[in-house]
Amino acid sequence: MLQRLLAPQMLTMVAEGTGQDASNVLVALNRMCMGSSPLLSVAAAQAYAGQLLAGVNLNRVPSWESQQINNSLWALGELQLKDNRFIRAAVAAAPKWLPNTNPRQVSQAATACAQLQYRDEHFMELLLQRAQQLLQPSRSKGSRSQVEADKASLIAQLSISVVLLDMRRYAGAARKLVADFNFVEQSGTHPSNLRRLWLFHSWLLEHQLLDGKGLAGLVTKQQLQQGAKEAAEWGDKTRL
């Protein structure tokens with residue numbers, strides 16, 4: 001049954017369909033190779049995703065909705081499938097879809113770039129600018145606590161993406177996001193975000209970037225200590 005659904009002719013139909021069709025299948029392929037009893041191997045999921053993307057008309061990508069593009073980028077990042085044709089098309093269309101993104105979607109895009117080591121300075125600049133806009137007070141769906149948690153995750157994710165892509169040019173813009181969010185007054189920051197902030201802090205200090213103080217004063221000592229502990233337990237500093 002699964003082989004029939006993922007047959008070449010079916011993937012061609014999906015590729016020639018809507019952005020929603022393609023992104024749904026890419027996300028599904030990623031999920032099929034997760035868990036303790038995966039339906040597909042990672043290699044098989046990568047192959048199917050590659051076949052699907054090979055049939056996508058890249059000229060139609062700019063018409064995709066922001067969620068469709070971000071879900072697709074997220075799936076490629078999780079699958080470790082660096083399809084530069086699709087990524088370049090999505091990035092080139094960013095001025096059209098990025099203004100419609102929410103914090104989670106911007107985080108997805110930044111995560112995918114870091115996972116795939118896709119280093120595009122202009123795109124990173126656009127992501128940082130969009131994040132700055134999203135920090136401004138606005139009417140948002142969901143509870144205030146969830147909105148603030150999404151913003152904290154966005155800032156932490158962008159910060160670690162700048163680190164993993166070694167984009168020192170954007171160290172100041174990333175640190176400004178940390179300063180503007182005022183983590184000092186945030187008591188419930190998720191441990192994974194504190195880990196990312198500590199890694200960003202350590203990277204700033206290691207390379208003596210900006211004023212050489214890292215995130216000192218922008219996050220509390222307790223937050224940095226907890227972030228360092230989380231990083232030590234996490235082990236691999238290159239993982240998001």
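The model examined is predicted, with local features requiring pLDDT of at least 70 and side-chain atom pairs counted only at pLDDT 80 or more, while totals for chains, interfaces and linings use all residues. Residues are numbered from 1 along each chain as its sequence is written, and side-chain values use heavy atoms, without hydrogens and water.

Helix H12 (residues 191–206) packs against helix H13 (residues 221–234) at an angle of about 95 degrees, and the axes are 7 Å apart. H12 and H13 are therefore roughly perpendicular to each other. In the contact (heavy atoms within 4.5 Å), the H12 residues include Trp198 and Leu199, and those of H13 include Leu224 and Trp234. The contact of H12 with H13 comprises 8 nonpolar, 4 polar and 2 charged residues; Ala, Val, Leu, Ile, Met, Phe, Trp, Tyr, Cys and Pro count as nonpolar, Asp, Glu, Lys and Arg as charged, and the others, Gly among them, as polar.

Aromatic rings of Phe, Tyr and Trp (its six-membered ring) pair if their centres lie within 6.5 Å; planes under 30 degrees apart count as stacked, over 60 as edge-to-face and the rest as tilted. By this rule there are 4 aromatic pairs. One of them, Trp64 with Phe86, is tilted, at 5.5 Å centre to centre and 45 degrees between the planes. Trp64 lies in the loop between helix H4 (42–54) and helix H5 (66–79) and Phe86 in helix H6 (residues 84–92), so the pair ties together parts 22 residues apart in sequence. Trp64, at 8% relative accessibility, counts as buried (under 20% relative accessible area; exposed is over 50%, partly exposed in between; 1.4 Å probe, protein chains only). Phe86 is also buried, at 1%.

Definitions and conventions
Axes fitted to C-alpha atoms, helices over the stretch in contact; angles between N-to-C directions. Helix = DSSP H or I, 4+ residues; strand = E, 2+ residues; numbered from the N terminus. Parallel < 35°, antiparallel > 145°, perpendicular 65-115°, else oblique.
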